[in-house]
Structures are given as structure tokens and as C-alpha cells.
Amino acid sequence: MSLKNNITIIITVHGRNWTLDSCLENLKDFDCDIVIADSSKDKMDKSFGDNIKYVHEPKLNWYQKMVSRLKEVTTPLYLELADDDRLNLDGVKQCVEFLVSSPDYNVATGQSLPPSGGQKLNGFPDATVSSDDQIKRLSGGLSHTEGVLDFIDVTHSVNRTDFGLSFYTWYTENPILWPARWTDKTRKFYQLFTGKIKFFQTEYLYDGGHTSLLQEGKIEYPKDLGKGVLWKDFFKDTLTKEELKRAIT
């Protein structure tokens, strides 16, 4: 299975770029196009390999940046990767092969593990959602356990490019949804509504283990992405009936 003809990896960067060297080292055996989507204030003065495209768009937020990049992706699949995370090549190939042969699924993923790989491989439950019924996918796919782990994010999984562009375009056009604290939940709802999800009990991604610049207090969320904004506050203070209708239609 050729990765080059099927998937593009988009590395998202904002404010932190010193993790890129090790991130790209991890991707050296991935025979596919790689895009560095950098929304940092300052442009990087650095050269990259022939299969790596660097794009600096400092005035775009996360959602706008992804729309801009996905519009130029020519492969049917893409993978959105944080700058400090690492991928398991075999796990990614398994996901790509599955999606190429399974058009009714729009995302495939596997185990996300700590940097050391020390967590047991079966640490996450099987999050496959295979029902043909949209309502059953939604009710069964937004929660999988009764314990601490009740939600598996699919943002950094192998996704269909047309789905990703559709989602981020819709999200960009509805600023009322922008606050980052619920983006993963909204995305998965949208994803379950449009297709099925495949989860493999295989190593897929290793968390970078770095503390984010936001958590360190070195950068702040843009006001329109404010993580501290509560959903109820939008309904109470700013969301009119007309805005709500536009947001959900």
C-alpha cells in the first residue's frame, strides 16, 4: 500500500517549534507528503526536505488554518499531527489500508500511548462504531466506558480529506462554536453523524509528553477560542435564536 498516493500528514504548529526536528525524524520513513502548518507569530528560518511543505499563516486560528491547508491536499486521506507527538508507521499503514477498502468509514485509529510506550496496549477500549444507523452511532460513539476514560478523541486519527475539509469549513463558518474546550466533542458528533469509526488494538500514536505553552502560561488562547468560556454562557449571553439556527443547520 502506497502512503504517498493516499495520505498527507499535516503537522500543526503554534508558538512551539523546537519539537519539530524530532517529530520529522520520526516521519523519515513515511513515504508521503508532509505539511507544516505554522500559525506562530514569527516565521521559521529553516529548510526542510523535498516532501515537506512549510506554510506560515500567523493570522489564522486553528480551524481557519486547517481549512486553508486541507483545500490543497490532493490525497484522499490526511492525518493531523501535533508537533510533539510520534506515529507508529505500521499502525498508520493499517488505518490507511482499511479506509481505502472501506468507504463507509470516515476515520480509523489505534492506541494512543505515553512517550515510553509503557501503557498496556489494551489500555483503551475498542472504540469501533460500525452501525449503519446514525442515531445508534451517535448514542454509542460518544461514550464507551463508565470509568475515567469515557471519550476517545479522533482528531489525530487517519481521516478522509473531504470529511476534514467539510468539518473545519462548517466550524469556521460558525464562530459561536469556536471555544476550544468542546471542539473535540463537537467534531466527534459531526464525525459519527457522517460515517463510521474503526479502532484497532494496535500501537498508533505516542503522546509527546510536553506541557503545552498554554498550560505553562507562555501564550494565551485567542479571545474567540477562549478555553474558559462555558457553553451555557454562550446561550445565556450571546447566542440569539438566529445564531443558534445558523450554527446547527
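1. Contact here means heavy atoms within 4.5 Å. Of the contacts in the protein chain with a separation of 6 or more, 76% join residues 24 or more positions apart.

2. The model is predicted: local features need pLDDT of at least 70, side-chain atom pairs count only at pLDDT 80 or more, and totals for chains, interfaces and linings use all residues. Residues are numbered from 1 along each chain as its sequence is written, and side-chain values use heavy atoms, with hydrogens and water left out.

3. The protein chain has 8 helices and 8 strands, taken as DSSP runs numbered from the N terminus (helices H or I, at least four residues; strands E, at least two).

4. Of its 249 residues, 47% are buried (under 20% relative accessible area, with exposed over 50% and partly exposed in between; 1.4 Å probe, protein chains only).

5. The largest nonpolar core has 32 residues, of which I9, I11, L87 and V158 touch the most other members. Such a core is a set of buried Ala, Val, Leu, Ile, Met, Phe, Trp, Tyr and Cys residues joined through side-chain atoms within 4.5 Å. Elements giving two or more residues to this core include strand 1 (7-13), strand 6 (105-113) and strand 8 (196-206). Helix 3 supplies the largest share, 6 residues.

6. Beyond its neighbours within four places in sequence, L87 is in contact with I9, N26, L27, F30, L79, L81, V92, Y204 and L205. A second, separate core of 19 residues includes I10, M66, V67 and W178.

7. C23 counts as buried because its relative accessibility is 0%; C95 is buried, also at 0%. The whole structure contains 0 disulfides (pairs of cysteine sulfur atoms within 2.5 Å).
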